[in-house]
Amino acid sequence: MGTTRVEIEVNGEAKSAEVESRMLLVHFLRDVAGLTGTHIGCDSTNCGACTVLLDGKAVKSCTVLAAQASGRKITTVEGLSANGKLHPVQKAFLDKHGLQCGFCTPGMIMSTVWLLSFNPKPTEQEIRRYISGNLCRCTGYQDIIESVKRASDSMTGGR
Amino acid sequence: MEEELSSPEYLVRGKGMYVDDIRLPNMLHMAVLRSPYPRAKILSVKGGLNGNELKGGVESVGEGATASASETEEPIFGTTSVNYAGQPVAAVFADDLYKAQDLLESVEVDYEPLKPVMGIEEALSMPPIYSSLQTNIMSDKWRGKEFELENAPVVLEDRFFNRRVATNPIEPRGLVASSDGSKLTIWISTQSAHSIKEGIVGSLRLKPENVRVIQADTGGGFGLKGGMYTEYLIAAYAAMKYKRPVKWIETRREHMMASRPGRGVVGKMKLFADRAGKVLGVKGEVIVEGGAFSGGMGEFASNFIAMQVTGPYQIENAHVRAMSVFTNKVPMGPYRGAGRPEAAFFMERMMDLLADDLKMDPAELRLRNATTGPFKSPTGLEFEASKPFMEKALREMDYASKSKAGNAGLACFVLVPAYQPGESCRIVVKDKKIRVWLGGNSHGQAHDVFAKKLISEELGVDVKDIEFERGDTDMLEDGVGAWGSRTAIVGGAAIVSVARKIKDQIEKEFGKYSPELLLSNQFDVYNFEKQKGSMNSLGANLATVELDSLGSVSVKEIDFYYDIGRPLNMDAVRGQIIGGAIQGMGQTLSEEIAYSQDGQLLTASIADAGVQTAEHIPRFDIRLADSRSVLPHGAKGLGEAPTIGVPSALVRAIERVSGKRVRETPVKAEMLLGLVK
Ligand code: FES
Ligand code: FES
């Protein structure tokens, strides 16, 4: 099995390693970079538990090879908080009970961060449609939708 | 006192410690070779760790555990035969997951495929799968008493089917096993560290003191993670054999093939009534598709369903046959509700049929059969006065106006929580900190919040001084598990009992109690708070739907009126209700594990299995009865209630908008095509 040298900027830090060419980005993040906040919930690109930002845009990291991400920037859930302070989206999920078991949560949070980056005041319908690529088996989604609304409010100052 | 957050902060930071996040030095990754055939003889297996070396069976533990030891018990590996597609035949181990996957190709298995038994009807008509048996019947029991009412003014019969559904927590199964030569330590995603320990000790014949099971953060369970699985035994054995830690994480495809699913139950019902709508008696036959092996939920469920089939009604005559059958599919396991939704479905479908036959309002018919005092049905179902509850429910859910539009369905039910035998708790006070262990292991229900709240109430301490510890069999000597809507009830009672013991101890020693005395001394108190009898409660749902010309159902609103006793944490209650409702909606509209006639899995991904997304979530209106249980902290059950009430209410609503009698779940769009009125 061939190997490739990859160099990825993960949460602002350069991570480089010689990895198997077939290695998925999600395995690079979890096993090489040691960032286990990005989860794996399926093998068919359905669940969204592995969602991260690739150059600022949400991707399912189980659909990208580590090699394809070489030379690019990745943000994972661990990279959201600044100086230990929670990102407003993380805070909103806590305040509005947007999680139960927490397994889908990092992916949901990353999808939300991406959504609010280009659509700071989404409608409820837009929120639902947007997060429908992230599955949650615990919450029934309602409190997640409330969390996204709360995050939107707090990031736009409620305007 | 500041309100405790219902979700832990470390989880939104991505700092959870789920089992796949655990990395031990020198760890091996395990991959499992599974049978591609639903039924085959194995002529030979070469390579990997297989059944020629690791013999024996999987001991049934946890929810619905049964004792058995025979040809029909699940073996650790299929060695001379396999009985479902996905059954483990060998396991391989490597330094990383990719290499382990590659190694699967090194195993050679010679199969001789046989004709599989793929459904309940086939099971009853085809020759037995197991040569030691005469038929494919796994168990066959009766509940209630024989009666004769064939001349009743109204006699109605129907047959229902809830298809199999996968549990599908977003975190699949998994464990890390490690042995230091004398002690085996297991980190696992589980609903019960103690059940896992019991299963490992029993199946691998180890000494209890040599096995420790620790619960990792657990990404949802829904029944899946309370019991023993062959992969756990293989990983544990390999860790001892290779003297290296072994990790196994299930893939979603494996989950669909080899994780025990729920439902898969047929109900044949016959109702006898007078023309005023009074039900005089019910006869029935419950047939559970137990799957390939006996032991556990597949065997247990039929009798449990038959017990509950009479619903919250005063039915004086009942006689129900409870059968489980063998098929060449993965054995059935508990899935949220575990028998309770099936029983409600069968009875509520019959009540609606009777209402239509008599041209009565379904709510009026239910009230006519409700009880004004406590009642125990001939099948053994006990409940409190259901009439006042239903009257209140109809008002709270605004049945009168919502039912007028002709698109609403009502369901009433009894929730039977897994109350016995109780639960354990240990509280340790040291260095001004209170640490608490609970026998039932939280996997998203925020047990920590109510645990802290109850301790804070009992002992007058700040919740900040209390640490809720994860499941660990070395720290808590005994325990049951978190399933069957039980933990707020029995876990809560165990916590209160230990807190009160500590308080008594302080009062005896110091003549009075104060939080300061508590925190400045040391205590270590354990109690298994036993529970006898039952803690059943009542619930009702109203669902409103719309249907389009393509047969697609959109659920507009779901209303709830539940008696959960005293709610311990409203955020968690709301989350349990809505989460459960969406699972119930999934079962009703989209969720299914389907096989082709020759036994191949058709639903290999979580999307194929029909798990609901955020896109079509209805409005929710949640009302709770003002009530307390007899327990000191007042709780009753909740977790499974929405999975019981919602499907029955939804199918009735669908029946109203489509004009088509609904007899099975899921109700797929193609069944409703062109039926919009
Ligand atoms: S793990 Fe990437 S979508 Fe499921
Ligand atoms: S919180 Fe458990 S899967 Fe979403």
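Visitor: How much area do chain A and chain B bury between them?
Guide: About 4,300 Å², with 54% of it on carbon and sulfur atoms. Keep in mind that this is a predicted model.

Visitor: Which residues of chain A lose the most area to chain B?
Guide: A:Leu94, A:His97 and A:Arg137, which together make up 19% of what that side buries.

Visitor: And how many residues does the contact take from each chain?
Guide: It takes 49 from chain A and 58 from chain B.

Visitor: How many salt bridges across the interface?
Guide: The rule finds seven between chain A and chain B. One pair in a salt bridge is B:Asp102 and A:Arg22, at 2.7 Å from N to O. For polar contacts, the count between the two chains is 26 residue pairs.

Visitor: What classes of residue are on chain A's side?
Guide: The side of chain A that touches chain B has 19 nonpolar, 19 polar and 11 charged residues.

Visitor: Changing topic: strand β19 of chain B. Why is it largely enclosed?
Guide: Eight of its nine residues, in the run 422–430, are buried, so the rest of the structure largely encloses β19(B).

Visitor: Which strands does β19(B) pair with?
Guide: Strand β22 of chain B, residues 523–530, pairs with β19(B) in the antiparallel sense over eight bridges. There, B:Val525 is the bridge partner of B:Ile427. Strand β20 of chain B, residues 433–438, also pairs with β19(B) in the antiparallel sense, over six bridges. In that pairing B:Cys425 has B:Leu438 as its bridge partner.

Visitor: What's between β19(B) and β20(B)?
Guide: Two residues, in a hairpin where B:Asp431 takes a positive phi near 50°.

Methods
Residues are numbered from 1 along each chain as its sequence is written. Chains are lettered from A and ligands numbered from 1 in the order in which they are written. This is a predicted model: local features need pLDDT of at least 70, side-chain atom pairs count only at pLDDT 80 or more; totals for chains, interfaces and linings use all residues. Side-chain values use heavy atoms; hydrogens and water are left out. Buried means under 20% relative accessible area, exposed over 50%, partly exposed in between (1.4 Å probe, protein chains only). Helices (H or I, at least four residues) and strands (E, at least two) are DSSP runs, numbered from the N terminus. Two strands pair if DSSP finds at least two bridges between them. Contact means heavy atoms within 4.5 Å. Buried area is the accessible area (1.4 Å probe) that two parts lose on being put together, summed over both. A salt bridge is a side-chain nitrogen of Lys or Arg within 4 Å of a carboxyl oxygen of Asp or Glu. A polar contact is a pair of N or O atoms within 3.5 Å; within protein, one must be able to donate a hydrogen and the other to accept it, and residues adjacent in sequence count only if both atoms are side-chain atoms. Ala, Val, Leu, Ile, Met, Phe, Trp, Tyr, Cys and Pro count as nonpolar, Asp, Glu, Lys and Arg as charged, and the others, Gly among them, as polar.
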